[in-house]
Structure formats: C-alpha cells, structure tokens
Amino acid sequence: MFNALTWAFLAALAATTLTRLWLAQRQIRHVRAHRDAVPGTFADAIPLAAHQKAADYTVAKARTGMLDVLVGAGVLLLLTLGGLIDGLHALWGRVLEPGGLWHGAAMIAAAALLIALIDLPLSLYRTFVIEARYGFNRMTLRLFVADLAKQALLAALLGIPLLLLVLWLMQKMGELWWLYVWLAWMGFNLLVLLLFPTFIAPLFNRFSKLEDPGLAGRIESLLKRCGFRASGLYVMDGSKRSSHGNAYFTGFGAAKRIVFFDTLLSRLAPPEVEAVLAHELGHYRLHHVWKRIALLFGASLGFLWVLGQLIDRQWFYEGLGVAHPSTAAALLLFMLTVPVFTFFLQPVSSLYSRRHEFEADRYAAQHADSADLVKALVKLYQDNAATLTPDPVHSAFYDSHPPAATRIARLKGAT
C-alpha cells in the first residue's frame with residue numbers, strides 16, 4: 001500500500017538518481033572539452049598524451065558509474081517496493097523461525113549477497129576492462145576470485161556475529177535499544193581498527209620492512225621532528241593488483257604503522273616521499289582521523305535514534321513495500337534507504353574533507369619542502385591518470401581532495 005512515505009521515497013530516489021546522472025554528464029562534458037590542452041600550471045611537467053589519457057580514463061569511469069547508478073536504483077526498488085524483502089522473509093521462513101535472530105540475519109545476509117552478485121559484473125568490467133585498458137590493472141582473475149573469497153569469509157566471521165548481536169539488542173533492550181546498538185557499533189569499529197594492521201591487511205597483501213637506509217633515515221628524522229611514534233615503516237606489494245600508488249597510516253596507539261605502496265616508492269625520490277609522508281603526518285597531528293571517526297559515530301547515533309522512532313510504525317514498513325514488519329526488516333530498510341535521503345549532504349562532507357587536505361598540506365609545508373610535495377603530487381596525478389580539469393560542480397559535490405590546480409597553487413604560495 002502506497003502512503004506519504006512511498007511518494008517521499010520515490011521523489012528522493014528520483015532526485016538522487018537524476019542528480020547523480022546529471023553530475024556525471026557534466027564531468028564527462030567538462031573533461032572532454034579540456035582534453036586537448038594541458039592546463040598552464042602543469043604544461044611543463046605533464047605531456048599532452050598523459051593529460052589526454054587521464055581525460056579518457058575519467059570519462060570511462062564516469063560512464064560506468066552512470067550505469068552503476070541506474071542498476072543501484074533498480075535493485076533498491078526491487079528490494080523495497082518490488083517486494084523482494086518480503087520474498088526473502090518468506091523464503092527463509094521455510095527453514096528458520098520467522099522473526100528469530102537467525103531468520104533476520106539470514107534475510108539481511110541474503111540481501112547483501114544479492115547486491116554483491118549484481119555488482120560483480122561491473123566490478124569485473126572496471127578491473128579487467130577499464131583498469132587494464134589504461135595500464136593500471138595487474139590483478140589476475142585467480143587473484144580477483146581469491147580476494148572475493150577472503151572478503152566473503154571475513155564478512156561472515158565478523159559481520160554475522162555483529163548482526164546477531166545488533167538484532168538481539170534491538171529485540172531485548174527496550175526503547176533504548178538504539179543506544180546499546182550504537183555502543184556495540186562503536187566497539188566493533190574500534191576493534192577492527194586495532195586488528196586491521198596485524199591480522200586483516202596481511203590476508204590480502206605482503207608487508208615488509210622498509211629496507212632503504214637513506215630513505216628510512218629521512219623518515220625517522222621527520223617523525224622525530226613531528227613528535228610521531230610508529231611501530232614500524234612498511235612497504236606493501238600493491239603492485240600485484242594495480243600500478244596506482246599511495247601511502248597511509250593504519251592502526252592506533254602502539255599499533256600505528258606507516259605503509260608505503262611499492263609503486264609509490266618506485267616513482268618518487270626520497271625528498272618527495274618525505275613530503276608525502278609529512279602530509280599524512282599532518283592528518284594525524286591535526287587529529288583529522290579522530291574527527292572523522294567522531295563525526296561518523298555522531299551521525300550513526302542520530303540515525304539509530306531515528307530508526308528507534310520508526311521501528312514500531314506500521315506506515316514505515318507499508319510505505320517501503322514490506323508487509324511483514326520485524327527488527328531485521330526495519331534495519332535492512334533503513335540501511336537501504338538512508339543514502340537516498342541523505343545524498344544531498346554529500347557536498348558538505350566533501351567540503352569538510354577538502355578542508356582537512358588543505359590543512360595537511362600546510363602542515364607538510366612547515367615540516368618538509370613544499371616544492372618536493374608539489375613534485376610528488378604532479379607525478380602522482382600523472383601516474384594515477386587523475387584529471388587536471390574536473391567539472392567544478394562535480395568536484396564540489398564529490399571530491400574529497402581539492403582540484404589539482406587549486407592545490408598546487410596553494411602549495412606554491414606556501415614556498
């Protein structure tokens with residue numbers, strides 16, 4: 001039965017889908033219009049052929065993304081108003097007690113598996129067609145399948161116990177169940193952060209100690225200047241999957257690690273690696289990670305409170321196509337539909353992230369040579385085929401990092 005929520009959901013889904021398609025079209029048009037000339041800021045550093053490759057790569061990803069948007073909207077409608085959630089409820093009700101913990105967990109897991117299977121062809125296309133076409137993919141089909149198997153096993157080992165705990169708390173903790181679920185969710189995320197460097201990441205990649213004594217010495221000196229202690233400097237074999245390069249921190253407390261992709265070290269000179277690390281140290285010293293975690297936890301608390309107000313409302317289920325209300329159905333509906341209703345907050349999140357990137361760049365310029373960071377970024381833009389001419393509206397909406405020209409101009413102003 002359609003009600004006011006149904007029409008609100010359809011309107012939000014239509015607005016979100018059309019906006020995402022419109023933004024993708026803007027990005028494609030803008031990038032193609034600037035394909036034949038390297039921006040002046042980069043004219044002496046990036047060849048026209050590399051600029052054109054980045055433009056074509058960006059357009060290819062945007063076109064695939066448009067198909068992904070349409071498929072995602074169709075799957076969401078199928079699960080909700082199309083009655084598939086009710087179908088999963090009935091299917092598992094044949095072998096498990098309807099409304100029980102295992103029945104709810106099986107229903108949610110089946111929906112997640114269905115979404116993953118529908119996304120699989122596009123994932124294969126991105127990896128073995130787009131990434132391969134532009135020279136980035138180094139993953140074999142065997143490794144792709146192995147990664148999928150490991151991810152599925154991890155999801156089962158970590159996700160199913162969490163899901164059972166959440167459903168139990170929803171059923172047993174009364175009107176304040178949402179607060180207990182939030183505490184469990186926070187604890188789970190912090191536990192994963194603690195376990196990731198030592199137990200999870202090594203399942204997918206090999207990590208070895210940084211062996212270059214000259215580079216290690218520069219990094220140790222930088223860490224000392226910045227008052228940062230790490231449990232070790234590691235090199236990750238990212239090249240077995242992709243030629244894209246990166247560096248990151250992982251873990252917290254005594255388990256903090258600094259990880260460099262081997263592809264990054266192969267392309268950057270030691271002073272440039274130091275400057276990139278200074279930027280990452282800026283995120284740590286300016287507490288960006290913890291600020292983002294706090295924001296995530298605060299938002300999740302608010303969303304869970306909202307779900308607590310909706311879970312006993314018959315119109316909530318009817319409006320989204322579910323005829324058999326349950327805690328599992330409520331949780332699944334909420335997880336599926338919240339992104340639709342919150343999509344237009346994306347520019348705020350992106351703006352907040354770009355602000356952090358500028359702050360980390362300023363920190364890097366104070367503790368390393370900003371000219372080296374500029375050189376490193378230009379190399380990374382070229383190596384990763386990042387477009388130098390994104391559409392301004394698309395960039396403002398989505399991009400977590402500032403546009404290349406704006407970022408480089410600010411860094412040059414810091415010299």
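Visitor: Which strand is Leu 233 in?

Guide: Leu 233 sits in strand β2, residues 233-236. Keep in mind as we go that this is a predicted model.

Visitor: Buried or exposed, that Leu 233?

Guide: Leu 233 is buried, because its relative accessible area is 8% and the cut-off for buried is under 20%.

Visitor: And which residues is Leu 233 in contact with, leaving aside neighbours within four places?

Guide: Leaving those neighbours aside, Leu 233 is in contact with Ser 208, Lys 209, Leu 210, Ala 216, Ile 219, Glu 220, Leu 223 and Ile 258. Take Glu 220 from that list: Leu 233 and Glu 220 are 13 residues apart in sequence, and their C-alpha atoms are 9.2 Å apart in space.

Visitor: Okay, new topic: helices. At what angle do α5 and α12 cross?

Guide: Roughly 115°, with the axes coming within 10 Å of each other. Helix α5 covers residues 141-172 and helix α12 covers residues 327-342. The crossing is right-handed.

Visitor: Which residues make the contact?

Guide: From α5 you have Leu 163, Val 166, Leu 167, Met 170 and Gln 171, and from α12 there are Thr 327, Ala 328 and Leu 331. That contact divides into 6 nonpolar residues, 2 polar and no charged.

Visitor: What else does Met 170 touch?

Guide: Leaving aside residues within four places in sequence, Met 170 is in contact with Trp 177, Val 181, Leu 307, Ile 311, Thr 327 and Leu 331.

Visitor: Now the cores. Which residues of the largest nonpolar core touch the most other members?

Guide: Those are Ile 85, Met 170, Trp 177, Leu 307, Phe 316, Tyr 317 and Leu 331, out of 48 residues in that core. Helix α12 gives the most to this core, with 10 residues. Another core lies apart from it, with 45 residues, among them Ala 275, Leu 277, Ala 364 and Ala 404.

Visitor: Let's do loops. Where is Asn 384?

Guide: Asn 384 is in the loop between α14 (370-383) and α15 (392-398). Asn 384 counts as buried because its relative accessible area is 18%, under the 20% cut-off.

Visitor: What does the side chain of Asn 384 make a polar contact with?

Guide: With the side chain of His 244, at 3.0 Å. Leaving aside neighbours within four places in sequence, Asn 384 is in contact with Tyr 57, Phe 136, His 244 and Gly 245.

Visitor: And Ala 385, where does that lie?

Guide: Ala 385 also lies in the loop between α14 and α15. Ala 385 is buried, with a relative accessible area of 3%. Although not a glycine, Ala 385 has a positive phi of about 55°.

Visitor: Last stop: where is Leu 70, and what does it touch?

Guide: Leu 70 is in helix α2, residues 48-79, and touches Thr 17 and Leu 21, not counting residues up to four places away in sequence. Leu 70 is partly exposed, with a relative accessible area of 48%.

Visitor: How many Å apart are Leu 70 and Met 173?

Guide: They are 39 Å apart, C-alpha to C-alpha, and 103 residues apart in sequence.

Terms used. Residues are numbered from 1 along each chain as its sequence is written. This is a predicted model: local features need pLDDT of at least 70, side-chain atom pairs count only at pLDDT 80 or more; totals for chains, interfaces and linings use all residues. Side-chain values use heavy atoms; hydrogens and water are left out. Axes are lines fitted to C-alpha atoms, for helices over the stretch in contact, and angles run from 0 to 180 degrees between N-to-C directions. Helices (H or I, at least four residues) and strands (E, at least two) are DSSP runs, numbered from the N terminus. A crossing is left-handed if the near helix is turned anticlockwise from the far one by less than a right angle, and right-handed if clockwise. Contact means heavy atoms within 4.5 Å. Ala, Val, Leu, Ile, Met, Phe, Trp, Tyr, Cys and Pro count as nonpolar, Asp, Glu, Lys and Arg as charged, and the others, Gly among them, as polar. Buried means under 20% relative accessible area, exposed over 50%, partly exposed in between (1.4 Å probe, protein chains only). A polar contact is a pair of N or O atoms within 3.5 Å; within protein, one must be able to donate a hydrogen and the other to accept it, and residues adjacent in sequence count only if both atoms are side-chain atoms. A nonpolar core is a set of buried Ala, Val, Leu, Ile, Met, Phe, Trp, Tyr and Cys residues joined through side-chain atoms within 4.5 Å.
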